[in-house]
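Subject: Structure for you to look at

Hello,

Here is the structure I said I would pass on. Please open it first, then read the notes below it.

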Amino acid sequence: MNEMKILVTYAGLWKMDNGNSGLTLNYFMFGENGEQMISRVDATGGTIGQQRAKCSLDPSMREKITFVPGIYNAKMGMKIGSDGKPVLTVEDLEFFRRAIIQAEPERK
(Lines give C-alpha, C1' and ligand atoms only; values in the text may rest on other atoms or scores of the structure.)
Protein backbone atom coordinates (compact mmCIF):
# COMPACT_ATOMS: atom_id res chain seq x y z
CA MET A 1 0.00 0.00 0.00
CA ASN A 2 1.20 3.50 -0.84
CA GLU A 3 0.45 6.62 1.11
CA MET A 4 -0.08 10.04 -0.43
CA LYS A 5 -1.67 13.34 0.40
CA ILE A 6 -4.91 14.13 -1.38
CA LEU A 7 -7.09 17.24 -1.46
CA VAL A 8 -10.66 16.14 -0.74
CA THR A 9 -13.23 18.44 -2.37
CA TYR A 10 -16.46 16.46 -1.92
CA ALA A 11 -17.84 13.62 0.18
CA GLY A 12 -21.44 12.50 -0.21
CA LEU A 13 -23.34 9.50 1.09
CA TRP A 14 -25.58 7.62 -1.33
CA LYS A 15 -28.13 4.85 -1.04
CA MET A 16 -29.80 2.81 -3.76
CA ASP A 17 -33.32 1.37 -3.74
CA ASN A 18 -31.87 -2.16 -3.44
CA GLY A 19 -30.26 -1.28 -0.09
CA ASN A 20 -26.68 -0.77 -1.30
CA SER A 21 -24.99 2.34 0.05
CA GLY A 22 -21.66 4.07 -0.11
CA LEU A 23 -19.71 7.29 0.01
CA THR A 24 -18.69 9.19 -3.12
CA LEU A 25 -15.32 10.89 -2.65
CA ASN A 26 -13.93 13.48 -5.08
CA TYR A 27 -10.29 14.42 -4.66
CA PHE A 28 -7.12 15.68 -6.31
CA MET A 29 -3.60 14.35 -5.94
CA PHE A 30 -1.96 16.96 -3.71
CA GLY A 31 1.68 15.93 -3.46
CA GLU A 32 3.72 16.03 -0.28
CA ASN A 33 3.70 19.86 -0.11
CA GLY A 34 1.06 20.80 -2.67
CA GLU A 35 3.37 20.57 -5.69
CA GLN A 36 0.66 18.79 -7.71
CA MET A 37 -1.68 21.77 -7.30
CA ILE A 38 0.66 24.56 -8.41
CA SER A 39 -0.81 26.78 -11.13
CA ARG A 40 1.05 26.52 -14.41
CA VAL A 41 1.00 28.55 -17.61
CA ASP A 42 0.65 26.70 -20.89
CA ALA A 43 -0.11 28.67 -24.05
CA THR A 44 0.19 25.70 -26.42
CA GLY A 45 -3.56 25.15 -26.53
CA GLY A 46 -3.26 21.54 -25.37
CA THR A 47 -4.58 19.87 -22.26
CA ILE A 48 -3.66 21.57 -19.01
CA GLY A 49 -4.51 21.06 -15.37
CA GLN A 50 -5.56 18.12 -13.27
CA GLN A 51 -8.84 16.23 -13.42
CA ARG A 52 -10.43 15.24 -10.15
CA ALA A 53 -10.36 11.63 -9.10
CA LYS A 54 -13.50 9.92 -7.83
CA CYS A 55 -14.09 6.75 -5.88
CA SER A 56 -16.80 5.03 -3.91
CA LEU A 57 -16.04 3.99 -0.32
CA ASP A 58 -17.83 2.28 2.51
CA PRO A 59 -20.26 4.77 4.13
CA SER A 60 -18.47 4.36 7.49
CA MET A 61 -15.54 6.32 6.01
CA ARG A 62 -17.66 9.48 6.22
CA GLU A 63 -16.81 9.86 9.92
CA LYS A 64 -13.12 10.29 8.98
CA ILE A 65 -13.86 13.32 6.80
CA THR A 66 -13.98 16.38 9.03
CA PHE A 67 -13.03 19.33 6.79
CA VAL A 68 -13.71 19.86 3.08
CA PRO A 69 -11.78 21.12 1.30
CA GLY A 70 -9.15 19.38 3.33
CA ILE A 71 -5.85 17.59 2.94
CA TYR A 72 -5.82 13.96 4.00
CA ASN A 73 -3.19 11.27 4.26
CA ALA A 74 -4.63 8.51 2.11
CA LYS A 75 -3.63 4.87 2.00
CA MET A 76 -3.94 3.91 -1.64
CA GLY A 77 -4.34 0.51 -3.22
CA MET A 78 -4.98 -0.95 -6.65
CA LYS A 79 -7.89 -2.90 -8.03
CA ILE A 80 -8.85 -4.01 -11.52
CA GLY A 81 -11.56 -1.88 -13.12
CA SER A 82 -14.41 -3.14 -15.28
CA ASP A 83 -12.27 -2.48 -18.36
CA GLY A 84 -9.50 -4.76 -17.04
CA LYS A 85 -7.11 -1.89 -16.28
CA PRO A 86 -5.59 -1.17 -12.86
CA VAL A 87 -7.31 1.56 -10.88
CA LEU A 88 -5.83 3.50 -7.96
CA THR A 89 -8.24 3.43 -5.00
CA VAL A 90 -8.46 5.09 -1.60
CA GLU A 91 -8.44 2.44 1.13
CA ASP A 92 -8.20 4.61 4.24
CA LEU A 93 -8.05 8.30 5.18
CA GLU A 94 -6.60 10.32 8.01
CA PHE A 95 -7.16 14.07 8.35
CA PHE A 96 -3.94 16.07 7.90
CA ARG A 97 -4.80 19.76 7.55
CA ARG A 98 -7.56 22.15 6.52
CA ALA A 99 -7.19 23.55 3.02
CA ILE A 100 -7.72 27.21 2.24
CA ILE A 101 -8.11 28.00 -1.44
CA GLN A 102 -7.57 31.65 -2.25
CA ALA A 103 -6.56 33.82 -5.15
CA GLU A 104 -3.05 35.14 -5.42
CA PRO A 105 -2.90 38.87 -4.51
CA GLU A 106 -3.26 41.15 -7.51
CA ARG A 107 0.05 42.42 -8.85
CA LYS A 108 0.46 46.08 -9.74
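How far apart are the mean positions of the positive and negative charges of the protein chain? The mean positions of its 14 positive and 13 negative charges lie 3 Å apart. Lys and Arg count as positive and Asp and Glu as negative, while His and the chain ends are not counted. Each charge is placed at NZ of Lys, CZ of Arg, CG of Asp or CD of Glu.

Before the rest, some notes on the source. This is a predicted model, in which local features need pLDDT of at least 70 and side-chain atom pairs count only at pLDDT 80 or more, while totals for chains, interfaces and linings use all residues. Residues are numbered from 1 along each chain as its sequence is written, and side-chain values use heavy atoms, with hydrogens and water left out.

Overall layout

The protein chain has zero helices and five strands, in the order β-β-β-β-β along the sequence. Helices (H or I, at least four residues) and strands (E, at least two) are DSSP runs, numbered from the N terminus. The C-alpha trace spans about 60 × 35 × 30 Å along its principal axes. Of the 108 residues, 28% are buried, where buried means under 20% relative accessible area, exposed over 50%, and partly exposed in between (1.4 Å probe, protein chains only). Among contacts (heavy atoms within 4.5 Å) with a separation of 6 or more, 55% are between residues 24 or more positions apart.

How the strands pair

Two strands pair if DSSP finds at least two bridges between them. β4 and β5 run antiparallel and are joined by eleven bridges. Along this pair, G70 is opposite R98 in β5, and K79 is opposite V87 in β5. The hairpin of β4 and β5 has five residues between the strands, and G84 takes a positive phi near 85° there. β1 and β4 also run antiparallel, with seven bridges. I6 has Y72 as its bridge partner in β4.

What is packed inside

A nonpolar core is a set of buried Ala, Val, Leu, Ile, Met, Phe, Trp, Tyr and Cys residues joined through side-chain atoms within 4.5 Å. In soluble globular proteins, nonpolar side chains tend to be buried together. The largest core here has 14 residues, of which I6, L25, Y27, L57, V90 and L93 touch the most other members. Two or more residues of this core come from each of β1 (2-15), β2 (21-29), β3 (53-57), β4 (70-80) and β5 (86-98). A second, separate core has five residues, including L7, F28, I71 and A99.

T24 is in strand β2. Why does T24 count as buried? Because its relative accessibility is 17%. Beyond its neighbours within four places in sequence, T24 is in contact with Y10, A11, G12, W14, K54 and C55.

T89 is in strand β5. T89 has a relative accessible area of 12%, so it is buried. Not counting residues up to four places away in sequence, T89 touches K75, M76, G77, M78 and K79.

Regards
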